[in-house]
Amino acid sequence: MFSRKKDSSDTRPIALGSPGAGMSRANGTTIEPAYVIERYAAYYPMNHKRRGMAIIFTHNKYSVPNIPLPTREGSAIDCKRLKETLTLFGFDVKIYQDFKLEEIKAVIDTVSAMDHHDSDCFLLAVLTHGEEGDYVYAHDCAYELSTIWTHFTADNCPSLAGRPKIFLIQACRGNKLDRGVKVQKDGVARYSIPTHADFLFAYATIPGFMAFRNTTEGSWFINELCKEMQENGHKYDFLTLLTFVAQKVAYDHESVSNVPEHNMRKQTPCVVSMLTRLLLFNVV
């Protein structure tokens, strides 16, 4: 557990008070993915020329009308740690700090239109404040996460069809707090691919609850994720790694705050997987 330093959360203040999803570029149902692997292969191929792009949207300061969002102290540590870890795994990391929504959309439009056929996978991380209903904050306003990820479905980004698309979300998903409980020890073949297959969403917390961030050590979730990847990233598949990340966040962390309601609270990461194979990062 971190030393007793002040923790914050990635949500806007409780006392204070959508863009639609991206449209498909393809009207038909037939696409030509960059590669076709055996239908029931257990693992995603990790032997392309490149690991793939890793996009990080990190937000520290905001200018949202009528919503005075606090500065995300400790976020720079998360960003640095995440970049180092992903670079170690061969990702081409691009960082975009304090971007406005239209700037984020422009980046997403550009990246989703790229040819990713030489890449193993794709990763995108959002480090920001958030709210219930899968809303997160750009520098100037809130937006739905679907504004980002729908651009990478198989019909919108065919070169990533059949490849893992990982989304890491360090943000609150509401204002609820977890008080915790005390525990006492007693291919060849052609086949159709669903447009929403091969996505993985790893959230810092469950729907409706806050996500904590240590002001000097960074967020619990990103810190434990980076440590787990560096220690066991080539040993276990990614879903197994995320299980261990959830274990560390749930059992090893408890909030420290001058606000009584926010003190001694717990957090549980949440993983939503549409992966169709095991994702194991080989040694680069």
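1. Asn66 is exposed in this predicted model, because its relative accessible area of 76% lies above the 50% cut-off. Asn66 sits in the loop between S2 and H1. Its phi is near 70 degrees, a positive value in a residue other than glycine.

2. Asp198 also calls for a check of its backbone: phi is positive, about 70 degrees, although the residue is not a glycine. Asp198 is located in the loop between strand S8 (165-170) and strand S9 (199-203). With a relative accessible area of 2%, Asp198 is buried, because buried means under 20%.

3. His59 belongs to the loop that runs between strand S2 (53-58) and helix H1 (75-88). Its relative accessibility is 0%, so His59 counts as buried. Leaving aside residues up to four places away in sequence, His59 touches Arg72, Ser75, Asp98, Phe99, Ile104, Leu127, Thr128, Tyr137, Ala138 and His139.

4. One of the residues that His59 touches, Tyr137, has Ala142 in S7 as its bridge partner. Tyr137 falls within strand S6 (residues 135-137). S6 and S7 pair in the antiparallel sense, over three bridges.

5. These strands are part of an open sheet of three strands, ordered S5-S6-S7, with antiparallel pairing. Strand S5 (130-131) and strand S7 (142-144) are the edge strands, each pairing on one side only.

How values were computed. Residues are numbered from 1 along each chain as its sequence is written. This is a predicted model: local features need pLDDT of at least 70, side-chain atom pairs count only at pLDDT 80 or more; totals for chains, interfaces and linings use all residues. Side-chain values use heavy atoms; hydrogens and water are left out. Helices (H or I, at least four residues) and strands (E, at least two) are DSSP runs, numbered from the N terminus. Buried means under 20% relative accessible area, exposed over 50%, partly exposed in between (1.4 Å probe, protein chains only). Contact means heavy atoms within 4.5 Å. Two strands pair if DSSP finds at least two bridges between them.
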